[in-house]
Amino acid sequence: MIQAVGLTKVYGKTVAVDDLSFTVNPGIVTGFLGPNGAGKSTTMRMILGLDTPTRGSVSINGAPYSQIPQPLRQVGALLDANWIHPNRSAKAHLRWMAASNGIPVSRVNEVLDTVGLSAVADKAAGKYSLGMKQRLGIAGALLGEPDILLFDEPVNGLDPEGIHWIRSFLKQLAANGKTVLVSSHLLSEMALTADHLLVIGRGKLISDSSTGDFIANSTTATVSVRSPQLAQLRVLLAGAGMQIADTQDALIVTASPMEQIGDIAAANGITLHELATKAGSLEDAFINLTGDSVEYNATSAPAAPQGI
Ligand SMILES: Nc1ncnc2c1ncn2[C@@H]1O[C@H](COP(=O)(O)OP(=O)(O)OP(=O)(O)O)[C@@H](O)[C@H]1O
């Protein structure tokens, strides 16, 4: 379990992390989200003892990182996949990590196998693709069989197959009872991976809830309706006070239950070809909730690409 209480980090005039209190529990994947500059990396660095809190504290299974005797046995982290010596092989890199943390060298081959790098374990890590470097970083995190794992942007720059592998892997770690905290900018990916979300903006905690609740509470579901008698149905739904938007061949009804629309159609003998609720996305929820806390806000929509 990771527990932060009033965690604060001030750099000069910048309050990077502002009075954060949260708990990250075992057995689930917890996503850590926030716009650029929200304070995610700073928080992760403080969890790992790489930065000292200005105020407040953060503990791992009850103790600050600095007081854990063999930290890699309790906490594994992937912060930056490029943090490897380019001329060193994956095997040499992991052996060095194991030796400096009192971890049996036999673990090296086990973790290489787990992440699928055994066949290239003797190649210089500098020649690895980004996906292979991410796998090596994950192997390093797993080396000491820790109960707590932190991953900062683990799917950054990966292809769909690599993303899918990491998603399944994180879920498996959580299913095995590990505490898994993962940050990512890929919101659709987080929606599929994380059971719980911590959302921060400008260093402050904005939301601490299950992924489902976060989306449901921060978005409005819509209902798509198609019918050969669409104009007639539109009049009836508008008469019932519903908010309706028109597309070419459907009505999009906001914030009204699908059942009510179906009942009105049935009561008036109207045939329906589609009646489907579309939940909001994590991206919608994120933008709705963090809109005021982005560090650099564009004042207009991006310009259309030239020459298309
Ligand atoms: N060493 C530092 N010195 C001064 N300011 C810093 C330092 N590290 C981070 N900051 C500032 O603290 C704030 C939070 O940065 P941080 O990197 O933690 O955010 P983040 O959520 O990880 O951002 P991103 O998603 O862009 O990686 C930013 O305003 C950043 O400029």
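Two strands pair if DSSP finds at least two bridges between them, and helices (H or I, at least four residues) and strands (E, at least two) are DSSP runs, numbered from the N terminus. This is a predicted model, in which local features need pLDDT of at least 70 and side-chain atom pairs count only at pLDDT 80 or more, while totals for chains, interfaces and linings use all residues. Residues are numbered from 1 along each chain as its sequence is written.

Q: Which residue in the turn between strand 1 and strand 2 has a positive phi?
A: Strand 1 (residues 2-11) and strand 2 pair in the antiparallel sense over seven bridges, with Lys 9 opposite Val 17 and Leu 7 partnered by Leu 20. The two strands form a hairpin with two residues between them, and the residue in the turn with a positive phi, of about 55°, is Gly 12.

Q: What is the order of the strands in the open sheet of three strands?
A: Besides its pairing with strand 2, strand 1 is joined to strand 4 by five bridges, and these two strands run antiparallel. In strand 4, Ser 59 is the bridge partner of Gln 3, and Ile 60 is that of Ile 2. The pairing in this open sheet is antiparallel, and the order is 2-1-4.

Q: Which strands are the edge strands of that sheet?
A: An edge strand here pairs on one side only. The strands that do so are strand 2 and strand 4 (55-60).

Q: Which element gives the most to the shell around the ligand?
A: A residue is near a molecule or strand if its C-beta atom, placed from the backbone, lies within 6 Å of it, and the residues around the ligand include Tyr 11, Thr 14, Asn 36, Lys 40, Ser 41 and Thr 42. The elements that give two or more residues to this shell are strand 2 (14-24) and helix 1 (40-47). With three residues, the element that gives the most is helix 1.

Q: How many residues of the shell around the ligand are polar?
A: Ala, Val, Leu, Ile, Met, Phe, Trp, Tyr, Cys and Pro count as nonpolar, Asp, Glu, Lys and Arg as charged, and the others, Gly among them, as polar. The shell has three nonpolar residues and one charged residue, and the number of polar ones is seven.

Q: Why does one side of strand 11 and of strand 13 lack a neighbour in the sheet?
A: These strands belong to an open sheet of four strands with antiparallel pairing, in the order 11-12-10-13. One side of strand 11 (243-246) and of strand 13 (274-278) is left without a neighbour because both stand at the edges, each with a single partner strand.

Q: Are helix 2 and helix 4 roughly parallel or roughly antiparallel?
A: Axes are lines fitted to C-alpha atoms, for helices over the stretch in contact, and angles run from 0 to 180 degrees between N-to-C directions; under 35 degrees counts as roughly parallel, over 145 as roughly antiparallel, 65 to 115 as roughly perpendicular and the rest as oblique. The axes of helix 2 (residues 90-99) and helix 4 (residues 130-142) come within 10 Å and cross at roughly 25°. Helix 2 and helix 4 are therefore roughly parallel.
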